[in-house]
Amino acid sequence: MPRKPKINTNFDDESEDDFYKSVKLMKQLLTANSADFTGLPIAMNAFGTLIVTFDDKRTAAIYPGKGADTSAARTALQTAVTTNGVWLNTFCNGNLTLIKKTGYPVAKESEAQGKLEASVLTLTFLKVAGILGFLISHVPGKALRYGTMYTLADTPDNNPANWTFYYAAQRDGVIGGLESKKDYKMVSFAMGTDKDITYSDPVVMSAQ
């Protein structure tokens, strides 16, 4: 017997831009179809406020702490998405017509995740001593995390696995504690279920 259609509430695999588009669609359709979904735990005005906060943080100019602020805003928004999604799954009870009115995607059957493709790392020079801004491109996949590896550019070891690891709570942010006026080489990567990591091409830049 086929399973009933269900709403997908996990958007970890979406980039910030895609996640923003997804939540905007949810708000648009849930507002337009509010008569069909009376009793939502998170009202649309509160949901809209969380969307605005997330958008403000993600589009702000790079500053120390931006990654953490954006991550916190996304987490708060994702919590609301999950809370409403769980309620909607019970309410819709597999009714695909209703599900399509929510703006949420239909959950797909889980698939095995293979080796991830390479990300692209962009570094930004900041006028703060010992700090560089970074942006890691989105890599398609479910529940991915991102990180960078870095070392001084004149380090003879060219294996990124032996460099200093920095966990990226978000795909953009800042790395501190660097030596001023010293060139660093850095790579980025996405982490999934496959243990075989694909590093980006190295990027070299010095901090203020």
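Colleague: Let's jump in at β4. Which residue there is the bridge partner of Tyr150?
Modeller: Thr164 is the bridge partner of Tyr150 in β4. Strand β3, residues 145-152, and β4 run antiparallel and are joined by five bridges. Two strands pair if DSSP finds at least two bridges between them.

Colleague: What am I looking at, and how are residues numbered?
Modeller: It's a predicted model, where local features need pLDDT of at least 70, side-chain atom pairs count only at pLDDT 80 or more, and totals for chains, interfaces and linings use all residues. Numbering starts from 1 along each chain as its sequence is written, and side-chain values use heavy atoms, with hydrogens and water left out.

Colleague: Back to the sheet, then. What is the strand order?
Modeller: The order is β4-β3-β6-β7, four strands in an open sheet with antiparallel pairing. From one strand to the next, the twist averages 35°.

Colleague: Which strands stand at the edges?
Modeller: Those are β4 (164-168) and β7 (203-206). Each has a single partner strand, so one side of each is left without a neighbour in the sheet.

Colleague: And what does β2 pair with?
Modeller: Strand β2, residues 132-136, pairs with β5 in the antiparallel sense, over four bridges. Leu135 is the residue opposite Asp172 in β5.

Colleague: Which way do the β5 residues point?
Modeller: In β5 (residues 172-175), Asp172 and Val174 point one way, while Gly173 and Ile175 point the other way. All of them are buried, meaning under 20% relative accessible area; exposed is over 50% and partly exposed is in between (1.4 Å probe, protein chains only).

Colleague: Zoom out for me. How many helices and strands does the protein chain have?
Modeller: There are four helices and seven strands. Along the sequence, the pattern is α-α-α-α-β-β-β-β-β-β-β. Helices (H or I, at least four residues) and strands (E, at least two) are DSSP runs, numbered from the N terminus.

Colleague: What box do the C-alpha atoms fill, and what share of the residues is buried?
Modeller: Taken along the principal axes, the C-alpha box is roughly 65 × 40 × 15 Å. Of the 208 residues of the protein chain, 40% count as buried.

Colleague: What about contacts between residues 24 or more positions apart?
Modeller: They account for 70% of the contacts in the protein chain with a separation of 6 or more. A contact means heavy atoms within 4.5 Å.

Colleague: Helices next. At what angle do α1 and α3 pack?
Modeller: About 40°, with the axes of α1 (residues 16-32) and α3 (residues 66-92) 12 Å apart. That makes α1 oblique to α3. Angles under 35 degrees count as roughly parallel, over 145 as roughly antiparallel, 65 to 115 as roughly perpendicular and the rest as oblique. The axes are lines fitted to C-alpha atoms, for helices over the stretch in contact, and angles run from 0 to 180 degrees between N-to-C directions.

Colleague: Who touches whom between α1 and α3?
Modeller: From α1, Glu16, Phe19, Val23, Met26 and Leu30 meet Thr70, Arg74, Leu77, Gln78, Val81 and Leu88 of α3. The residues of that contact divide into seven nonpolar, two polar and two charged. Here Ala, Val, Leu, Ile, Met, Phe, Trp, Tyr, Cys and Pro count as nonpolar, Asp, Glu, Lys and Arg as charged, and the others, Gly among them, as polar.

Colleague: How do α2 and α3 pack?
Modeller: Helix α2 (residues 44-59) packs on α3 at an angle of about 155°, with their axes 9 Å apart. That makes α2 roughly antiparallel to α3. On the α2 side the contact includes Phe47, Ile51 and Phe54, and on the α3 side Ala73, Leu77 and Ala80 are among the residues. By class, this contact has 10 nonpolar, four polar and five charged residues.

Colleague: Staying in α3, is Ser71 buried or exposed?
Modeller: Ser71, in helix α3, counts as buried at 17% relative accessibility. Leaving aside residues up to four places away in sequence, Ser71 touches Ala169 and Gln170.
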